[in-house]
Amino acid sequence: MKINSKWIGIISILVIFGGILIADVSGFWITESNKIPVKVEEGEFKGQLDPADIRGSYTFKDIENSFNVPVNVLAQSFRIKADNIEEFQVKNLESIYSNLPQDIDIGTGSVKYFVSLYTGIHTVDGEYLPKAAIETLYTAGKINDNEKEELLLNAIDIKNTEFRDTTHEEEFDISGETTIKELIENGVKKEELEEIIGAEITDTNSLLKTLSEQNGLKYGRVKNGVYDLLEDN
Amino acid sequence: MRKRNNIRLMMQIFFFVIVGLIAINKGLSEMGRSISFLPKISLHAICPFGGVETFFSLFTIGKTISKIHESALVMMWIVFGLTLVLGPVFCGFICPLGSIQEWVGKIGKKIFKKKYNNIIPKKIDKYLRYTRYLMLIWVIYATTKSLTLVFLEIDPYYALFNFWTGEAAVTSIIVLLAILLLSLIIERPWCKYLCPYGAILGLFNKISFFKIRRNKTKCIGCNKCDNICPMNIDVSSKEVITDTSCIRCMECSSEVVCPIEDTVIHSTRKERA
């Protein structure tokens, strides 16, 4: 029996799409993680859900559901503020903290380690943690003084980082060219801006960046403060 | 005179577009937007080689590797089944990375004419063909050991459809650009020398039910089949092509370049050429 390109094409399409259809109907066509970690197979923690199996696609809510680590504890520990914090995916940490020194990672591995310490299921080790996360663990009684000291050796201070959730409606974007007048038009009060900058604003056509620098302030911090005001409004 | 294989070209464009749309939609969905009638799935979910990568870890230690899902294993088996029957038609008719190398190669053909695809001496080329097996062994070993997709660091296929998302490793984008540049002087360089998936599928050339067969009594020895073969196989010296490099593109066949009807055909043993 011989076969030409036409039949190769037809058979290939039938086999591929037919195979996918059959797999889908049979329940085998799974294209994303089911967000349930595997269980530890042996040792002291056998049978418990394994923090080492946390994937980047997991949200804070998925982790809360599996490990009973509250969403707000995770958010506070990794210094994340977002509109829909429950849906924050762990893998986003890597891009948020991409400005850290090259051999330092705050990402999925850090979350695994944090959850491992929080739950006492010690299947993960040796990752960097934010200082805030270590404080949370200590305050919650999950680690003792010695463990805290040891963890602080590999701790990163990330107090000035904030995640802006871009999956929702576009918010007013502050740039180096944003004026005080534009901020007022978007609902920020002049008095609130003066409080952040620490000086009276006499010309509303001034650039926020210029005023920040003139008053010896880091523009990034002022910008974050103004974003908070925009959110509140 | 060479006829054009429009069916194969249409298949290549079809799968290139489908994969491209899936990748774009995944990227859009990460930004909170998406095209409603397209699936919001990662390329990892439909990559049959992902299934190969995770198969060994699943088999040896019972765990899938990060980012790979059951659908990739389904794709792996589907393509293996197709390849067992028809040979590596996935390479010749479907793989988007192979397709884009071919399309870039057409520019190279126009520039370099007879020198195109004849630059590497056969003695060296013969041994270089084994490097894709080394790649395969390294990928499987490193992936199974680390339970992560180490291949992503150099995967030009993933880079091709994700270079705009920020998710493709810089090294993989460099590999992609290098492959596309090389495609100007060598036809399908990734497929010939580096593709770990092609390395596996190529082995099916030895056992597939359908094979490329040449009728030596009808053959006039014009060597057009040799000249056209993208993988530099000496079709005219063989009666059955079992070369592991064959991608079943059908370019050597009587359907395309062979001037004599039913002389080079794709058939089972019962219908020899």
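**Surface, salt bridges and inner spaces**

B:Ile13 is partly exposed, at a relative accessible area of 41% (buried is under 20%, exposed over 50%, partly exposed in between, with a 1.4 Å probe and protein chains only). The model is predicted, so local features need pLDDT of at least 70 and side-chain atom pairs pLDDT 80 or more, while totals for chains, interfaces and linings use all residues. Residues are numbered from 1 along each chain as its sequence is written, chains are lettered from A and ligands numbered from 1 in the order in which they are written, and side-chain values use heavy atoms, without hydrogens or water.

B:Ile13 sits in helix H1 of chain B, which covers residues 6-30 (a helix is a DSSP run, H or I, of at least four residues, numbered from the N terminus). Together with B:Val17, B:Leu21, B:Ile24, B:Met31, B:Phe163 and B:Trp164, B:Ile13 makes a nonpolar surface patch of about 590 Å² (residues over 30% relative accessible area without a salt bridge, nonpolar side chains joined within 5 Å; areas are by Shrake-Rupley with a 1.4 Å probe).

In chain A, A:Leu100 belongs to the loop between helix H4 (92-96) and helix H5 (108-119). A:Leu100 counts as buried because its relative accessibility is 17%. A:Asn224, in helix H11 (residues 219-232) of chain A, is partly exposed at 26%. Between the C-alpha atoms of A:Asn224 and A:Ile174 there are 9.5 Å, and along the chain 50 residues.

Next come the charged pairs. Over all chains there are 13 salt bridges (Lys or Arg side-chain nitrogen within 4 Å of an Asp or Glu carboxyl oxygen). One of them joins A:Asp62 to A:Lys35, with 3.6 Å between the closest N and O atoms. This pair links distant parts of the chain, 27 residues apart: A:Asp62 is in helix H2 (residues 60-67) of chain A, and A:Lys35 is in the loop between helix H1 (5-26) and H2. A:Asp62 is buried at 14%, whereas A:Lys35 is partly exposed at 24%.

A:Lys148 and A:Glu135 form another salt bridge, at 3.4 Å between the closest N and O atoms. A:Lys148 is in helix H7 (residues 145-152) of chain A and A:Glu135 in helix H6 (residues 131-139), so the pair ties together parts 13 residues apart in sequence. A:Lys148 is buried, at 15%, and A:Glu135 is partly exposed, at 37%.

In chain B, the side chains of B:Arg129 and B:Asp125 meet in a salt bridge of 3.1 Å, N to O. B:Arg129 is buried at 11% relative accessibility, and B:Asp125 is buried at 11%. Salt bridges with shared partners also join B:Arg8, B:Glu102, B:Arg188 and B:Glu251 into one network.

The largest cavity has about 110 Å³. Of its 15 lining residues, B:Cys229, B:Ile233, B:Cys246, B:Cys249 and B:Cys252 are the closest to its centre.

Conventions: Patch = residues over 30% accessible without salt bridge, like charges linked within 9 Å, V, L, I, M, F, W, Y side chains within 5 Å. Helix = DSSP H or I, 4+ residues; strand = E, 2+ residues; numbered from the N terminus. 1 Å grid on protein atoms, 1.4 Å probe; cavity = no way out; pocket = protein on both sides within 12 Å on 5 of 7 lines; lining within 4 Å. Points joined across faces, edges and corners; volume = space filled by probe spheres on them.
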